[in-house]
Amino acid sequence: MKKETKKIHIKKVKASVVVQTEDPGSCRPLNIL
Amino acid sequence: MEIRRFDKIIALNSGQGDLIGFHADNLEVAELSEELWQTLAQPNLDPEAQEQLQAWNDEISTEVRPESPKSQIQSLSINVTQLCNLQCVYCAAGGDGTYGNPQKKIAIEKTIPQIELLMDRLKEGDRFHITFLGGEPLLYAQGMKLLAEFAQEKAKEKKLRLKFNTITNGTLFNAANIEILKSFGSNITISLDGPADINDQVRPSKGHQGVTSDIVQGIQLLNQNRKDLGSVGVQGVFGPYNSTPLKSYRFYRELGVDWYDFHYDQENNDSKASFQFTEEVAQVAQEAFEAGGEKELRKIKFFDQIFHQIDGKKRLENYCGSGKSYLVLDAQNRAFLCPWAVNDAQKAVGTGTELLKEKLQPLQKSLISTNNCGDCWAKYLCGGGCMWAHKQATGSPHKVDIVFCDRTRSLISIGISYYYQLRKAQS
């Protein structure tokens, strides 16, 4: 990104490192049954 | 929460002084200046703001990852019984847990070959999840044990990563049933909508008696026996008949469980009640944040998932794995795409060990594509939404329910605003 001035800026926040897990993709709102 | 937009960039005003940017494709979060926020409301953008927004908008992320495609069923729900001792007001299983077809016990000898078929298709290191459902699955705990024993043996032989979950109404935790749950290290999800004055109204016994005190006692017994069990959590269903998630949250926190979650009724599309639900969940999030920051917020499953997705830069392209990686077996060994579809025999996608490829094939495209999520900014955190909820509202599983979408975007906005606060504080 281009150098920013004080007035207009976008500052990205740093993401935390996560351990990636494979999601087998179930049903999310199963509780209703 | 007020939202402004510049193509793929979403600007959120939390109303509490935070101005937050979110890149919808790259799943990045940023701080925005007040001046930038203000210019987004103008018909002509400030040139410098335009330049910066465009630059961020056009960035190609090297970190963001698409959802990995799934070619096999890796998650299976099994209705070990289609009987229930409760009669919940919103029960989607035929109103009484039977799906209109009471079945006391699933046939173990027919279920084992079904499990075997699916596990045999997987390769070493793959995950396989089994969820025991009903009716009330603990009415046939012995059946769960037999199926789990088989799956454990098979997983050992095939070197698969096997997990179990039991979704229960929580009324049948006794020493014998807890021993069975321990025998396969089950994770446990307890359906409980709030304290007795709520839960006894919406989730009474078949004889219309309140059972909340029994459930709380059962959870206490479970908590004394946590060794060898997986995680224990509580989920509530909310709708016009129960519009106070905050009250339920305060109750849940006293139960000593690992996590909680709040679901709006998938079969209800009352926009006013849905809006009220999101307002209350915002209060729940605030209370959780104030009580214990990220740790407490992450006890709420929805926020844990959102934080995980944003941190991992992982696009969600399928709300659920229906037909791709997920199937449901009813207590007559028929296969379905979704727990709700069990009501309708016409919707079966197989029987026994025969799965009908022609019925699974149309579901292989991503849901965000099939459901025409287009330029919805939240699509990679939502995954296209629940097909059942869409069908109830619009008549088609692939025509989205706008009430569902509005609610989901609002909840995701809340998630992003807390993600921003937490990660900014760490920077």
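In this predicted model, a salt bridge links the side chains of Lys12(A) and Glu28(B), with 3.3 Å from N to O. Between chain A and chain B the count of salt bridges is 2. Polar contacts between the two chains amount to 15 residue pairs, both residues being at pLDDT 80 or more. On the side of chain A that touches chain B, 13 residues are nonpolar, 8 are polar and 10 are charged.

The interface as a whole brings 31 residues of chain A into contact with 63 residues of chain B. Together the two chains bury about 4200 Å², and 56% of this area lies on carbon and sulfur atoms.

Strands of a sheet pair through backbone hydrogen bonds, in a parallel or an antiparallel manner. Lys12(A), the residue of the salt bridge with Glu28(B), has Ala30(B) in E4(B) as its bridge partner.

The sheet that holds this pair is open and has 5 strands with antiparallel pairing, in the order E1(A)-E4(B)-E3(B)-E2(B)-E1(B). Its edges are E1 of chain A and strand E1 (2–6) of chain B; each has a single partner strand, so one side of each is left without a neighbour in the sheet. On average, neighbouring strands of this sheet are turned by 30° against each other, direction ignored.

A further open sheet belongs to chain B and consists of 10 strands with mixed pairing, ordered E10-E9-E8-E7-E6-E5-E11-E12-E13-E14. Strand E10 (259–264) and strand E14 (354–355) of chain B stand at its edges, and because each has a single partner strand, one side of each lacks a neighbour in the sheet.

Inside that sheet, strand E6 of chain B (residues 127–133) and strand E7 of chain B (residues 161–168) run parallel and are joined by 6 bridges. Arg127(B) stands opposite Arg161(B) in E7(B).

| Strand pair | Direction | Bridges |
|---|---|---|
| E6(B), residues 127–133, and E7(B), residues 161–168 | parallel | 6 bridges |

Two points of backbone geometry remain to be described. Most residues other than glycine have a negative phi, and most peptide bonds are trans. The peptide bond from Gly134(B) to Gly135(B) is cis, with omega near 15°. Gly135(B) lies in the loop between E6 and helix H4 (141–158) of chain B. Lys159(B), a residue other than glycine, has a positive phi, near 55°. Lys159(B) is located in the loop between H4 and E7 of chain B.

Methods. Residues numbered from 1 in each chain as written. Chains lettered and ligands numbered in written order. Predicted model: local features only at pLDDT ≥ 70, side-chain atom pairs only at ≥ 80, totals over all residues. Heavy atoms only, no water. Contact = heavy atoms within 4.5 Å. Buried area = accessible area lost by both parts, 1.4 Å probe. Salt bridge = Lys/Arg side-chain N within 4 Å of Asp/Glu carboxyl O. Polar contact = N/O pair within 3.5 Å; in protein donor to acceptor, adjacent residues only side chain to side chain. Nonpolar A, V, L, I, M, F, W, Y, C, P; charged D, E, K, R; others polar. Pairing = 2+ DSSP bridges. Helix = DSSP H or I, 4+ residues; strand = E, 2+ residues; numbered from the N terminus. Axes fitted to C-alpha atoms, helices over the stretch in contact; angles between N-to-C directions.
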